[in-house]
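Please look over the sequence and the 3D view below before reading on. The briefing that follows goes through the chain topic by topic.

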Amino acid sequence: MTADAERKYRSATAFQRRINPVMRRLPFQAALETTGRVSGLPRITPIGGRRVGDSFWLVSEFGERSQYIRNIKANPRVRVRIRGRWYTGTAHLLPDDDPVARLRTLPRYNSTVVRAVGAGLLTVRVDLDV
């Protein structure tokens, strides 16, 4: 990882440590619940994305460095909160998908932030059990 990408990663994670506890409590903020790969405890991360049919799409701004991506790799069963309602599903990491093109189809505000601070973008599709 380049020095600039490392600086972005450290800045973004420091900011997220402060804002995520607030954001994940907001009932209409989309959130992803994974199972901690070491602790086995539920881990909730506020996310941006969009439901398309029976799938929920998102882009991880730091790809496989993101803790929730590491948790998905260990256990792909997740829950997603969309508009205040929880759905269970299976997450799939899509390294062959074009994350920049995918961001164009997702909510504009989140996509702008992900593009601005992200390095090593990774597309994730959650197939919802509906």
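With which side chain does the side chain of Thr123 make a polar contact? The partner is the side chain of Asp97, and the two are 2.9 Å apart in this contact. The model is a predicted one, and within it the chain has four helices and seven strands, which follow one another along the sequence in the pattern α-β-β-β-β-α-β-β-α-α-β.

**The chain as a whole**

- Of the 130 residues in the chain, 39% are buried.
- The accessible surface of the chain amounts to about 7,600 Å², and 53% of this surface belongs to carbon and sulfur atoms.
- When contacts between residues at least 6 apart in sequence are considered, 67% of them join residues at least 24 apart.

**The sheet and its order**

- The seven strands make up an open sheet with antiparallel pairing, and their order across the sheet is β2-β1-β5-β6-β7-β4-β3.
- Because β2 and β3 (residues 50–52) stand at the edges and each has a single partner strand, one side of each is left without a neighbour in the sheet.
- From one strand to the next, the twist averages 35°.
- Helix α2 packs on this sheet and touches β1, β2, β4, β5, β6 and β7, while its direction makes about 50° with that of β1.

- Strand β1, which spans residues 31–35, is mostly covered, since four of its five residues are buried.
- On one side, β1 pairs with strand β2 (residues 42–46) in the antiparallel sense over five bridges, and here Ala31 stands opposite Pro46 of β2.
- These two strands, β1 and β2, form a hairpin with six residues between them, and Gly40 in the turn has a positive phi of about 80°.
- Strand β1 is also joined to strand β5 (residues 77–82) by three bridges in an antiparallel arrangement, where the bridge partner of Ala31 is Arg81.
- Strands β5 and β6 run antiparallel and are joined by six bridges, one of the pairs being Val78 with Gly89 in β6.
- In the hairpin that β5 and β6 form, two residues lie between the strands, and Arg83 takes a positive phi near 50°.
- Six bridges also join β6 to β7, and these strands run antiparallel; Gly89 stands opposite Leu128 of β7.
- At the other end of the strand order, β3 runs antiparallel to β4 and is joined to it by three bridges, with Val52 standing opposite Ser55 of β4.

**Nonpolar cores**

- The largest nonpolar core contains 17 residues, and those with the most contacts inside it are Leu32, Phe56, Ile72, Val78, Val80, Val124 and Val126.
- At least two residues of this core come from each of β4 (55–60), α2 (67–74), β5, β6 (85–94) and β7 (122–128), and the largest share, four residues, is supplied by β7.
- Apart from this core lies another one of five residues, which include Trp57, Val59, Leu103 and Val114.
- Val80, named above for its contacts inside the largest core, is in contact with Ala31, Leu32, Phe56, Arg85, Trp86, Tyr87, Val126 and Leu128 when its neighbours within four places in sequence are left aside.

- Asn71 is found in helix α2 and counts as buried because its relative accessible area is 5%, which falls under the 20% limit for buried residues.
- If residues up to four places away in sequence are not counted, Asn71 touches Thr34, Thr35, Gly36, Arg37 and Arg43.
- Thr123 has its place in strand β7, and this residue is buried as well, with a relative accessible area of 0%.
- Leaving aside neighbours within four places in sequence, Thr123 is in contact with Trp57, Leu58, Val59, His92, Leu93, Leu94, Asp97, Asp98, Pro99 and Arg102.
- Thr123 and Glu61 are 62 residues apart in sequence, and in space their C-alpha atoms are 9.1 Å apart.

Technical notes: Residues are numbered from 1 along each chain as its sequence is written. This is a predicted model: local features need pLDDT of at least 70, side-chain atom pairs count only at pLDDT 80 or more; totals for chains, interfaces and linings use all residues. Side-chain values use heavy atoms; hydrogens and water are left out. Buried means under 20% relative accessible area, exposed over 50%, partly exposed in between (1.4 Å probe, protein chains only). Contact means heavy atoms within 4.5 Å. Accessible areas come from the Shrake-Rupley method with a 1.4 Å probe; for residues, only the protein chains shown count as cover. Two strands pair if DSSP finds at least two bridges between them. A nonpolar core is a set of buried Ala, Val, Leu, Ile, Met, Phe, Trp, Tyr and Cys residues joined through side-chain atoms within 4.5 Å. Axes are lines fitted to C-alpha atoms, for helices over the stretch in contact, and angles run from 0 to 180 degrees between N-to-C directions. A polar contact is a pair of N or O atoms within 3.5 Å; within protein, one must be able to donate a hydrogen and the other to accept it, and residues adjacent in sequence count only if both atoms are side-chain atoms.
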